[in-house]
Number of protein chains: 2
Amino acid sequence: MQAAVVGAGQTAFGTSPRGLKAMFAEAARAAFASVDKGMQPQQVQEAWIGSISFGGAQLGNLAGLMGEHAGLQGVAARRVENACASGGYAFRDAVLAVQSGQVDIALAGGIERMNDWPEERQRYWLGVSGDTEWERTAGLTFSGVYALMAARHMRDFGTTREHLASVAVKNHANGALNPKAQFQKAVRLEDALKAPMVADPLGLYDCCGTTDGAACVLVVRGGLARQFTDTPVWVKASAAANDVLALHDRPSLTELRATQLAGKRAFAQAGVQPGDIDVAEVHDCFTIAELLAVEDLGFCAKGQGGPFTASGATQRTSGQVAVNTSGGLKAKGHPLGATGAGQVCELFLQLRGQAGPRQRTGAEVGLAHNVGGSGASCAVHVLGVGA
Amino acid sequence: MQAAVVGAGQTAFGTSPRGLKAMFAEAARAAFASVDKGMQPQQVQEAWIGSISFGGAQLGNLAGLMGEHAGLQGVAARRVENACASGGYAFRDAVLAVQSGQVDIALAGGIERMNDWPEERQRYWLGVSGDTEWERTAGLTFSGVYALMAARHMRDFGTTREHLASVAVKNHANGALNPKAQFQKAVRLEDALKAPMVADPLGLYDCCGTTDGAACVLVVRGGLARQFTDTPVWVKASAAANDVLALHDRPSLTELRATQLAGKRAFAQAGVQPGDIDVAEVHDCFTIAELLAVEDLGFCAKGQGGPFTASGATQRTSGQVAVNTSGGLKAKGHPLGATGAGQVCELFLQLRGQAGPRQRTGAEVGLAHNVGGSGASCAVHVLGVGA
């Protein structure tokens with residue numbers, strides 16, 4: 001059975017003075033307001049909400065609590081957690097429910113507040129998103145995990161810090177055009193290269209920020225889509241895969257097998273090739289992560305992500321595929337559990353021609369790529385304007 | 001599309017010396033071993049795993065990590081959290097995925113270790129399963145939440161402590177016949193009444209224990225079921241509902257609207273009445289919770305749960321419906337996120353006539369009822385031996 005996205009909305013990503021309930025309600029209101037022919041919260045039959053930290057570990061029953069404050073009283077809701085891929089998996093589970101025929105109208109969302117964590121807790125919440133037994137408790141930070149991948153990528157493929165920085169420059173340029181982005185500021189290559197080192201070889205501009213944010217997406221049974229809008233966005237593929245968690249158990253530090261597997265499944269399901277994708281929101285928690293993503297999804301050959309990106313191939317207006325038109329995790333921000341749903345929000349705008357100054361002209365097929373941990377899990381969705 | 005359970009297994013519930021990975025692998029192995037015609041872990045396509053505390057908040061990426069150690073490398077897995085209903089929602093999401101046609105073979109499981117939490121953390125993890133803002137941080141314990149409901153039930157309906165204790169006596173008698181139960185010991189009514197008070201009017205025998213445990217269930221597309229067994233257990237209904245979280249926002253302290261709504265949906269979907277249910281595993285985290293459950297599910301009238309239970313109507317051998325043949329949360333144990341999957345394990349045995357000395361003769365239709373928090377969420381499943 002087909003599933004379609006008929007509404008999507010999010011808070012501004014960044015530092016929010018508001019609590020979780022107010023943030024989630026704002027994202028939900030934005031999603032309902034985006035439904036062209038209108039939808040009421042009580043029309044939603046079931047909800048899947050991604051979050052890692054459930055309010056700094058203080059708000060149990062998070063999914064129900066969020067739904068309660070978004071007008072979804074009585075609507076079955078659960079929290080979906082898969083590290084930083086929580087939002088992508090929440091979206092997948094909502095799609096599966098709609099495809100089952102049991103649920104006509106589903107809400108997939110995500111929420112995280114990170115800026116009110118004490119500094120030690122920030123290391124903790126990011127640390128538990130990687131491996132605990134062999135990495136976190138051995139002192140490896142989450143930036144350090146990706147730094148290991150970057151260093152190995154440099155050694156094996158000749159990737160340079162300029163290659164990495166070209167991701168930041170592109171994504172900041174896109175983010176500067178996104179009023180919902182955390183960092184709406186372009187950055188020059190030389191400034192990115194001069195920034196303080198975080199975890200060698202990753203500097204400040206190689207790392208995403210610490211972000212508060214919420215996002216909601218409304219998924220309906222295909223047959224109902226035109227009751228809500230004349231321009232639904234169709235779910236052409238929903239796929240997911242896992243890999244082992246600890247880096248040392250993987251055969252390679254420069255491939256995310258979960259991305260490769262989920263990507264292959266998604267392309268097969270959608271009946272498209274990487275070359276058919278117009279816009280892609282990929283999981284660039286670090287610049288190296290975007291290079292791995294464009295390689296592992298097949299936009300370019302393994303090892304060529306650096307030159308590919310530096311050549312402008314993923315640039316918004318003229319690249320063969322516009323990668324992270326929203327600014328990506330790097331500039332739009334990365335509120336962990338909300339990121340996956342936020343990616344779908346961007347595709348919803350792009351595929352309906354509503355992305356304003358950052359619109360990729362004529363975008364018809366989009367891809368969302370959401371990674372959990374250092375590649376332990378991945379969800380890939382292909383969306384399109386044709387049914 | 002139909003879904004069927006072809007395998008189910010669990011660890012013994014109680015105090016385990018083993019870590020999460022070993023416990024989960026044991027439950028998964030038991031589930032695979034229960035598949036009559038065999039199934040290999042790598043045949044599983046996707047997994048949903050319920051857990052609240054993810055290893056005392058120390059093991060991120062829990063779902064993937066559990067899968068990794070149960071032979072499911074590469075299999076997409078996510079954690080489902082809905083307080084104490086996490087396992088029931090994990091099972092529901094696995095069923096929806098199978099019904100979607102995207103997933104042929106799914107694993108639904110759950111795991112919790114509670115006995116290695118420091119005492120303060122025990123109050124915390126149970127506390128966040130209720131409301132935080134108006135209950136936990138005001139000093140109300142989770143036992144206190146249910147004590148308020150019990151006190152009101154006594155006032156409004158004349159329910160007595162003997163009525164409450166009759167739940168404990170019945171469930172301990174059943175647990176005494178279950179080699180997987182935490183408390184395999186019968187208790188006499190007079191001893192239950194003499195036990196120390198925990199939260200007036202709830203004494204020690206009105207409260208479930210602190211339990212380590214894991215459980216796994218294998219759900220397949222109906223058309224595949226007979227490849228795995230000649231006696232599959234069919235999912236006749238999967239339903240869920242939510243209610244507001246804080247007690248003070250509900251119109252009544254003696255009704256769980258989430259149970260009522262999920263129950264109605266489940267009975268309608270299955271095309272059965274409460275009187276058609278032979279065996280029911282209901283969420284008796286406290287004795288009062290079982291009285292509410294039998295009322296809200298429609299096994300008896302509102303307010304009559306006490307006399308109904310004391311009369312033997314829910315007794316294993318001769319009751320109109322055998323409630324908690326496993327011993328229930330009360331005697332079998334309540335490892336939070338594993339409980340919902342554990343309930344399905346019991347129904348799998350009962351409906352296939354494999355429950356040994358605690359078998360309900362001729363059981364053909366079973367119901368599993370899993371509650372999150374103090375009734376904020378509820379999942380109800382109806383299973384049966386006829387397709």
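Me: Leaving aside neighbours within four places in sequence, with which residues is T309(A) in contact?

Reply: Contact means that heavy atoms lie within 4.5 Å of each other. With neighbours within four places in sequence left aside, T309(A) is in contact with S166(A), V167(A), K170(A), L291(A), V294(A) and T314(A). T309(A) itself belongs to helix α12 (residues 305-310) of chain A. Helices (H or I, at least four residues) and strands (E, at least two) are DSSP runs, numbered from the N terminus.

This is a predicted model, in which local features need pLDDT of at least 70 and side-chain atom pairs count only at pLDDT 80 or more, while totals for chains, interfaces and linings use all residues. Residues are numbered from 1 along each chain as its sequence is written, chains are lettered from A and ligands numbered from 1 in the order in which they are written, and side-chain values use heavy atoms, with hydrogens and water left out.

Me: Is T309(A) buried or exposed?

Reply: Buried means under 20% relative accessible area and exposed means over 50%, with partly exposed in between (1.4 Å probe, protein chains only). T309(A) has a relative accessible area of 5%, so T309(A) is buried.

Me: How should I read the packing of two helices, and at what angle do the axes of α7 and α11 of chain B cross?

Reply: Two packed helices are described by the angle between their axes and the distance between the axes. Axes are lines fitted to C-alpha atoms, for helices over the stretch in contact, and angles run from 0 to 180 degrees between N-to-C directions. In chain B, the axes of helix α7 (residues 161-175) and helix α11 (residues 287-296) come within 8 Å and cross at roughly 95 degrees. That makes α7(B) roughly perpendicular to α11(B); angles under 35 degrees count as roughly parallel, over 145 as roughly antiparallel, 65 to 115 as roughly perpendicular and the rest as oblique.

Me: Which residues make the contact between α7(B) and α11(B)?

Reply: From α7(B) come L164(B), V167(B), A168(B), K170(B) and N171(B), and from α11(B) come T287(B), I288(B), E290(B) and L291(B). By class, this contact has 5 nonpolar, 2 polar and 2 charged residues. Ala, Val, Leu, Ile, Met, Phe, Trp, Tyr, Cys and Pro count as nonpolar, Asp, Glu, Lys and Arg as charged, and the others, Gly among them, as polar.

Me: How many residues of α11(B) are buried?

Reply: The count is 10 of the 10 residues, so α11(B) is largely enclosed by the rest of the structure. Among them are T287(B), A289(B), L292(B) and D296(B). G298(B), which follows α11(B), has a positive phi near 90 degrees.

Me: Which residues are closest to the centre of the second largest pocket?

Reply: That pocket holds about 600 Å³ of space. Of the 27 residues that line it, Q122(B), R123(B), L126(B), F142(B) and S143(B) are the closest to its centre. The largest share of the lining, 8 residues, comes from α5(B).

Me: Where does a cis peptide bond occur in chain A?

Reply: Most residues other than glycine have a negative phi, and most peptide bonds are trans. In chain A, a cis peptide bond joins D200(A) and P201(A), with omega about 10 degrees. A cis peptide bond also joins D200(B) and P201(B), again with omega about 10 degrees. As for phi, F54(A) has a positive value of about 35 degrees although it is not a glycine. F54(A) is found in helix α2 (residues 54-57) of chain A and is buried, with a relative accessible area of 3%.

How values were computed. 1 Å grid on protein atoms, 1.4 Å probe; cavity = no way out; pocket = protein on both sides within 12 Å on 5 of 7 lines; lining within 4 Å. Points joined across faces, edges and corners; volume = space filled by probe spheres on them.
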